[in-house]
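Work through these exercises with the sequence and the 3D view side by side. Try each task before reading its solution.

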Amino acid sequence: MNRFIAFTLLLVTANILLILLSLLFVGRLPIGLSDWITWSWKARLVFEVRLPRILYASLAGAALGVTGSVMQSIFRNPLASPDILGVSSGSAFGASLGILFYTSAIYVEGLSFLMGLISLMATISLSRIFRYGDEVLRLILSGIAISALFNAGVGYVKYVADPYSKLPQITFWLLGSFGGVGFSEFYLFSPLILSSILILSLLSWRINVLSFGDEIARSLGINPRFNRFLSIIFSVLSVSSIVCVTGVIGWLGLITPHLVRPIVGADNRKVIISSALLGSILSIISDDISRSLIEAEIPFNIIVSFISIPLFILILRGGVKSER
Amino acid sequence: MKGKHVIEVRNLNFSYFKDRLVLCDVNFFVDEGEVVTFLGPNASGKTTLLKIIAKAITGFSGYIEVLGRSLKDFNYRDYSKIVAYVPQEEIVALPFNVYEYLLLGRTPHINLIFVDRKDYLIVENVINLLGIENLRNRLVPELSGGEKQLVKIGRALAQEPRIMLLDEPTSHLDLGNKVRILKLMREMANKNLAIIFTTHDPNEALMISDRVYLLNEGRIVANGIPDEVLSEKLIKEVYKVDVTYMKSSNATAILPVIKGFQS
């Protein structure tokens, strides 16, 4: 337990420092300390642009970390992430349709969010038709099918899209970026994301039990279907609200719990909190790099991969011993 | 008979598919403080029977009464406070350590958000009772077969049940671990738990059981005190091998006879 508390304190401190530093000093437009102290127009402008973006990046990283650990537990599979239910593909299809037919960001975000939820419903209904394996396996299989279907849809939209204006936009969207985040997106989606994180962390004990399979869950008095459904709904709600604004950024959700477990163990009561904090840190750092390394934005997913894969290798080859 | 029936089953029928009955007209009862064995060859319906009593499978016909109430009237949570189930195989997907794993046995009793001081104490008691202090921080997926079985029983004990169902608890264990688990089950029964376990080995029934039900192709073909019921003829009929009884002053065993190989 002590190890967990120390780790949490470390992560919280790092988080706060990172948010402050990113807000004050990271960006293409150089702002000195004097600007901030005198609260010049330059400082005010940068504040307006950077604050929602950094906060959203932090929130998104946290939510992805949480949903990653939730999905890996309830699907009893270390490779699971919210993408497994076809939600990201659905969102991507919605967004690419939005980009194809409209110019306003609201339509892109709206269509993406909607298609994310529709793809979840499609996956769940398809899994009810299947007569093969247990419910977890059926969900995974139908998720793969729905995912493939929407990926084909995205492929088709890319194929017919104008290669000079629309196609680059779709491609960039698919690589993920926090560039589109302003205060309106932040106000609209952050309550949804925050409450989902809260509810999922309250469900963490049940999620622990679900990781042992339906039979054990029942014998411990937990209704597996109902609790799995709850966990999925809130995971998907938060992920859809992130993805519709930022594009597909699922990889962070898969990897964060793996970085955390060697340190705090498997208990989701700890893993969910630590994943939220670490996910947030990774997300802010990646976004900092993506918006400031070169003049143009570098897509978020590329940076996340460059940062997290070395960490992943380091930890999984046994750099950190588990001794709680 | 030591007490009131804690489980009573009448006319139980069950099938996974319409055409083949897995369990056919099964009747039995279990009393407090008893060790009851369901003995039978592979595919005789033992595991299915246990899962039905564990409320892990529904869709049976017949009547099951647990502590005077119909099984169907219990919700999962209330039922899990009374009945603990130890499955034969359990895949632990996440690297839980033994302590966390045992704590999950408290699930039926806690509010699912915060764990009480009392729950930690109960887990400590289980660790002491089983003598697994050395395993406390080990990861469950990395335990040996015998250790895993102990820990599984430990989690069931943490549930503080009245009835414990164990599905082939000794099937993958070496002689030492096997006897340790059997002894443990006997001790738990002496503390007034009702223990029901399945096995395909008649000798385990002889060693610790108060009563045995012999299952074959979904039917109970014999029941009673093991020494009296498990005759050579009956075993031969059910398992389709020749056997012989060996009796010494402190043990009875049933051994298969392979013709042409007697020394």
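**Exercise 1. Which residues does A:Lys270 touch beyond four places in sequence, and is A:Lys270 buried or exposed?**

Solution. Start with the contacts. Leaving out residues up to four places away in sequence, A:Lys270 touches A:Phe4, A:Val264 and A:Gly265. A:Lys270 sits in helix α13 (residues 268-292) of chain A. Now count neighbours. There are 24 other C-beta atoms within 10 Å of A:Lys270. The cut-off for buried is 20 or more. So A:Lys270 is buried. A:Ile5 is 265 residues away along the chain, yet the two C-alpha atoms are separated by 9.4 Å. Keep in mind throughout that this is a predicted model.

**Exercise 2. Where is A:Ala148 found, and is A:Ala148 buried or exposed?**

Solution. Locate the residue. A:Ala148 belongs to helix α6 of chain A. Count its neighbours. A:Ala148 has 12 C-beta neighbours inside 10 Å. A residue with 12 or fewer is exposed. A:Ala148 therefore counts as exposed. Then take a distance. From A:Ala148 to A:Leu55 is 93 residues in sequence and 33 Å in space, C-alpha to C-alpha.

**Exercise 3. Which elements do the buried residues of α5(A) pack against?**

Solution. First check the helix itself. Helix α5 of chain A covers residues 105-129, 25 residues in total. Its first and last C-alpha are 36 Å apart, close to the 36 Å expected at 1.5 Å a residue. Second, list buried positions. Among them are A:Val108, A:Leu111, A:Ser112, A:Met115, A:Ser119, A:Ala122 and A:Thr123. Third, recall the helix repeat. An α-helix has 3.6 residues a turn, so residues three or four places apart point the same way. Last, find the partners. The buried residues of α5(A) pack against α4 (87-101), α6 (135-160) and α11 (224-246) of chain A.

**Exercise 4. How many residues are in the largest nonpolar core, and which have the most contacts inside it?**

Solution. The core holds 158 residues. Those with the most contacts inside it are A:Ala63, B:Met164, B:Leu165, B:Met185 and B:Ile195. Helix α3 (residues 41-74) of chain A gives the largest share, 12 residues. Now zoom in on B:Leu165. Beyond four places in sequence, B:Leu165 touches B:Leu50, B:Ile53, B:Ala54, B:Val83, B:Tyr85, B:Val86 and B:Ile196.

**Exercise 5. How many helices and strands are in chain B, and what is its radius of gyration?**

Solution. Chain B has 9 helices and 12 strands. Its radius of gyration is 19 Å. The globule rule gives 18 Å for 263 residues, so chain B is as compact as a globular protein of that length. Its C-alpha atoms fill a box of roughly 60 × 45 × 35 Å along the principal axes. Of its 263 residues, 42% count as buried. Take the contacts in chain B with a separation of 6 or more: residues 24 or more positions apart account for 66% of them.

**Exercise 6. What does the side of chain B that touches chain A consist of?**

Solution. Count both sides. The contact takes 26 residues from chain B and 25 residues from chain A. Look for elements on the chain B side. There, α2 (76-82) and β6 (83-86) each supply at least two residues. The largest share, 4 residues, comes from α2(B). Sort by type. The chain B side divides into 18 nonpolar, 4 polar and 4 charged residues.

**Exercise 7. Where do B:Glu160 and B:Glu217 lie?**

Solution. B:Glu160 is in the loop between α5 (145-158) and β7 (163-166) of chain B. Its phi is positive, about 50°, although it is not a glycine. B:Glu160 is partly exposed, with 17 other C-beta atoms within 10 Å. B:Glu217 is in the loop between β9 (211-216) and β10 (219-224) of chain B. Phi of B:Glu217 is also positive, near 45°. B:Glu217 has 15 C-beta neighbours inside 10 Å and counts as partly exposed.

**Exercise 8. Over which residues of chain A does pLDDT stay under 50?**

Solution. Begin with the average. Chain A averages a pLDDT of 87, and 98% of the residues score at least 70. pLDDT stays under 50 over residues 319-324 of chain A. Where pLDDT is low, the predicted coordinates should not be read in detail. For the complex, the predictor gives an ipTM of 0.87 and a pTM of 0.87.

Notes: Residues numbered from 1 in each chain as written. Chains lettered and ligands numbered in written order. Predicted model: local features only at pLDDT ≥ 70, side-chain atom pairs only at ≥ 80, totals over all residues. Expected span 1.5 Å × (residues − 1). Contact = placed C-beta atoms within 7 Å. Core = buried A, V, L, I, M, F, W, Y, C linked by C-beta atoms within 7 Å. Rg over C-alpha atoms; globule rule 2.2 N^0.38 Å. pLDDT = per-residue confidence, 0-100. Nonpolar A, V, L, I, M, F, W, Y, C, P; charged D, E, K, R; others polar.
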